[in-house]
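The entries follow the order of the look-ups.

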Amino acid sequence: MRYKNPVLPGFHPDPTICRADGSFFLATSSFEYVPGVPLYRSDNLADWEPIGHALTRDSQFAAHHADALTGIYAPTLRHHDGTFYLVTTNVSGGGHFFVTAEDPAGEWSEPTWIDAPGIDPDLFFEDGTCYFTYHSDDPDAPIQQAELDLETGDLGESSTIWTGFRDPYVEAPHIYERDGTYYLMVAEGGTHAGHMVVMARADDPTGPYEGCPDNPILTHWGQPRDAIRAVGHADLVQDHNGAWWLVCLGIRQRGPWPRYHHLGRETFLAPVSWENGWPVVNDGEPIQAAMDAPLPGDRKTDETSIDRTDTTFADGLGLEWQFRRNPDRERYETGSDGLRLRGGPESLAEPGATFVGRRQTAFDCRLEAALSFDPGAGEEAGIAVVADERHHYQVGVTRREGRREAIVRLRIGDATEIVGRTPVGETVDLSVVADAESYRFLVDGTELGSGSTRYLSTEVADGFTGVVVGPYATGHGTTCETDAVIERVVYSTD
Ligand code: 6LW
């Protein structure tokens, strides 16, 4: 059965997967975005529907100090004795913690905090013991493990269970059991061109582990010009037919040399077979955009279907929408007239700006918004394409010298420039039209400015996330006296 990679496009790094009650569930890291840790469900591993988030309350995730390099790092999602467990790390405050739920789409518990260093925690359950395995900060003892008391979060004594294949930076440990043998899968080489998936095995979950003679079991380090690079940070799942599958992060590079990626690290899927007691990913071949493998369920969509979301926000914000850090929820109101935004003093160049975005999931896509806004002096609202506070583009309506006008503003590092202005009425159609190389900004159907995708890429902006697009409002130093009303937003991939 054919499917396309990435199976979860747009920034969905560090995927973790489990199977329960006949379905597959997947979660990814989310950094400074709120709600945190998006959750998806699938019956066939190729078509994923959003079902909610694990961190929906500020009491679970205080993101105030988080940014594109911190906040919520890699999670592990597991199902044991009827309970879903999600363990992760808030590197901006608190460290490791886990939450639980009976229904992954429902509310998750308050955190149980775990006092250990490092990142990338994993949970493995066997015979009443929960093994907590994690990447420590010590390159001489990179993969540590201890028994976890699920009632208290207390850890037993930690020990080093493996030091890795060849790279001092050994991360993303996950443990599996197959036919009485225990497998430890890790990532090495860092989350870019040198990334690789490495495997070891033992007769006991605590080790001692021996490395696979064919390590790395997956890497794209040798294909510098390939479209798909940096594959790594993987998780394994067995389907109800007994077949094994791997999900991992990867990047889709674009542009002339040096190539770059602006959609972030996305989730890819590959089949796994076993030879001599070791896993073989995709028959030992690189992961491709077009794959053909015996998926465990029928396809829900044909590959030509366009992803299109058309919303008036009458039913509130859909699951695809997310805030940068914990929002002032009084600034956002949905109802019969659409999404009402109250701009605060912060612009997009500062944390706390009034902005709500959704992941850009394709190179060729567009976001169109019908905006009704009569700004006071210095007030502004529109739609933005955001990598972070120092790298974003926006088309908005403001008032200058008494005149209402639309502007296109580009912020790239230390440089900010308005590249287009035009008078507008109180209601206006704003659009951003993206292709692999550029973002074009249209006002009532006429292009007003554009910016290169390169300058919102990870290679320029840095960070672990990817571009998000959506509406914003700001008073540029004061709180807006008038609300901006986004009457409708259409997001579609061409
Ligand atoms: C993730 C870790 C990593 O926790 O990046 O480069 C972190 N390696 O495995 C964030 O994605």
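**Ligand contacts**

I began with the polar contacts, meaning pairs of N or O atoms within 3.5 Å. An N or O atom in the side chain of Asp120 is 2.5 Å from an oxygen atom of the ligand. For Arg265, I found a polar side-chain atom 2.8 Å from a ligand oxygen atom, and for Glu171 one that lies 2.9 Å from a ligand nitrogen atom. I then looked up the cover: the ligand taken alone exposes 300 Å², of which the protein buries 95% (Shrake-Rupley areas, 1.4 Å probe).

I noted the basis of these values. The model is predicted, with local features needing pLDDT of at least 70 and side-chain atom pairs counting only at pLDDT 80 or more, whereas totals for chains, interfaces and linings use all residues. Residues are numbered from 1 along each chain as its sequence is written, and side-chain values use heavy atoms, with hydrogens and water left out.

**Ligand shell**

I listed the residues around the ligand (a heavy atom within 4 Å); among them are Asp14, Phe31, Tyr73, Thr191, His233 and Phe464. By class, the shell holds five nonpolar, two polar and four charged residues.

**Trp244**

I located Trp244 in strand β21, residues 244-252 (strands are DSSP runs of E, at least two residues). Is Trp244 buried or exposed? Its relative accessible area is 8%, so Trp244 is buried (under 20%; exposed is over 50%). Leaving aside neighbours within four places in sequence, its contacts (heavy atoms within 4.5 Å) include Glu177, Arg178, Pro271 and Trp274. The C-alpha atoms of Trp244 and Val7 are separated by 16 Å, at 237 residues apart along the chain.

Key. Helices (H or I, at least four residues) and strands (E, at least two) are DSSP runs, numbered from the N terminus. Buried means under 20% relative accessible area, exposed over 50%, partly exposed in between (1.4 Å probe, protein chains only). A polar contact is a pair of N or O atoms within 3.5 Å; within protein, one must be able to donate a hydrogen and the other to accept it, and residues adjacent in sequence count only if both atoms are side-chain atoms. Ala, Val, Leu, Ile, Met, Phe, Trp, Tyr, Cys and Pro count as nonpolar, Asp, Glu, Lys and Arg as charged, and the others, Gly among them, as polar.
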